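Subject: Structure handover and notes

Dear colleague,

I am passing on the structure we talked about, with my notes set out below it. Please look through the sequence and the model first, and then read the notes beside them.

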Amino acid sequence: TNPAPTALNEKGNGISIYNASCTIYGLCTSQMIPCNSYQPNTFQGLNYGISISNYNSLKSVKITHNDFLNNYRGISIRNSYSSEITSNNFEIPDILTNNPLGSYGLYVESCSGYKIEGNEFQSVASQLGMYGVAFKTFTNQVANTLYHNKFTGLSIGVLTANTFPPPVTSKQTPLSINGLQIKCNKFEAITNKNIAITSGQL
């Protein structure tokens with residue numbers, strides 16, 4: 001945690017992971033199976049809460065029951081397979097920089113087979129957060145799901161760039177087509193776009 005108003009490059013990162021699988025869970029505080037109560041890990045006031053960069057795309061990550069509060073970038077994942085980002089809370093600040101992407105809760109690039117489910121993305125109180133989730137660059141034959149997440153008070157809820165679904169054969173039905181699937185998400189008080197497709201297609 002580094003809540004002091006220092007320059008972004010002085011804030012540091014919570015966890016940086018290079019070419020490795022990882023599991024980052026909150027602490028179970030109940031005696032129930034499955035667990036129904038957690039004490040979250042908290043990443044606050046950082047440049048990146050969690051930054052993951054792999055050159056082996058078979059590495060997977062599982063991140064669940066964590067709080068990402070007022071970080072420039074909450075989670076960044078590059079080149080992973082079958083990762084799960086579930087039941088996390090993101091409070092995203094509005095930070096203007098020379099980087100056109102700005103601040104975000106979750107960034108996913110060149111990944112496949114992932115599940116992003118049950119997370120909450122919202123702007124920091126009295127500020128207008130930029131992006132909830134941003135996706136970039138993939139074409140693959142497996143399902144990637146963004147399901148049952150909530151986006152509140154942001155400029156853009158979901159941003160996609162250079163993403164393409166796999167080729168469709170004559171035997172496929174719409175329900176059998178893979179690629180990025182955005183299902184049953186809730187958007188409230190979004191000022192610009194709920195979902196913005198800047199290049200490619202869904």
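T86 touches I63, T64, H65, K115, E117 and N119, where residues up to four places away in sequence are not counted and contact means heavy atoms within 4.5 Å. T86 has its place in strand β10; strands here are DSSP runs of E with at least two residues, while helices are runs of H or I with at least four residues, and both are numbered from the N terminus. With a relative accessible area of 15%, T86 is buried, a word that stands for under 20% relative accessible area, whereas exposed stands for over 50% and partly exposed for what lies in between, with a 1.4 Å probe and protein chains only.

Before you go further, please keep in mind that this is a predicted model, in which local features need pLDDT of at least 70 and side-chain atom pairs count only at pLDDT 80 or more, while totals for chains, interfaces and linings use all residues. Residues are numbered from 1 along each chain as its sequence is written, and side-chain values use heavy atoms, with hydrogens and water left out.

The closest N and O atoms of K62 and E84 are 3.4 Å apart, and a salt bridge here is a side-chain nitrogen of Lys or Arg within 4 Å of a carboxyl oxygen of Asp or Glu. K62 is partly exposed, with a relative accessible area of 25%, and E84 counts as partly exposed as well, at 26% relative accessibility.

By this rule the structure has 4 salt bridges. R78 is partly exposed, with a relative accessible area of 30%, whereas E109, at 18% relative accessibility, counts as buried. Another salt bridge is formed by E188 and K186, whose closest N and O atoms are 3.2 Å apart, and salt bridges that share partners join K150, K186 and E188 into one network. E188 counts as partly exposed at 30% relative accessibility, and K186 is partly exposed with a relative accessible area of 45%.

I turn now to the sheet. Its 6 strands form an open sheet in the order β5-β8-β11-β14-β17-β20, with parallel pairing, and two strands count as paired if DSSP finds at least two bridges between them. The edge strands, each of which pairs on one side only, are β5 (41–44) and β20 (186–188). Neighbouring strands of this sheet are turned by 10 degrees against each other on average, with direction ignored; for such angles, axes are lines fitted to C-alpha atoms, for helices over the stretch in contact, and angles run from 0 to 180 degrees between N-to-C directions. Within the sheet, strand β8 (residues 66–69) and strand β11 (residues 89–92) run parallel and are joined by 3 bridges, and the bridge partner of D67 in β11 is N89.

The whole structure holds 7 aromatic pairs, where rings of Phe, Tyr and Trp (its six-membered ring) pair if their centres lie within 6.5 Å, and planes under 30 degrees apart count as stacked, over 60 as edge-to-face and the rest as tilted. Among them is the pair of F43 and F68, whose ring centres are 5.0 Å apart and whose planes meet at 5 degrees, so the pair is stacked. This pair links distant parts of the chain, with F43 in strand β5 and F68 in strand β8, 25 residues apart, and both F43 and F68 are buried. The rings of F121 and F151 are likewise stacked, with their centres 5.0 Å apart and their planes at 5 degrees. F121 lies in strand β14 (residues 120–123) and F151 in strand β17 (residues 150–152), so this pair ties together parts that are 30 residues apart in sequence, and both F121 and F151 are buried. One aromatic cluster is formed by F43, F68, F90, F121, F151 and F187.

Lastly, there are the cysteines. The structure holds 1 disulfide, a term used for a pair of cysteine sulfur atoms within 2.5 Å. C28 and C35 form this disulfide, with their sulfur atoms 2.2 Å apart, and the torsion about their S-S bond is about 105 degrees, so the disulfide is right-handed. C28 counts as partly exposed at 34% relative accessibility, whereas C35 counts as buried at 18%.
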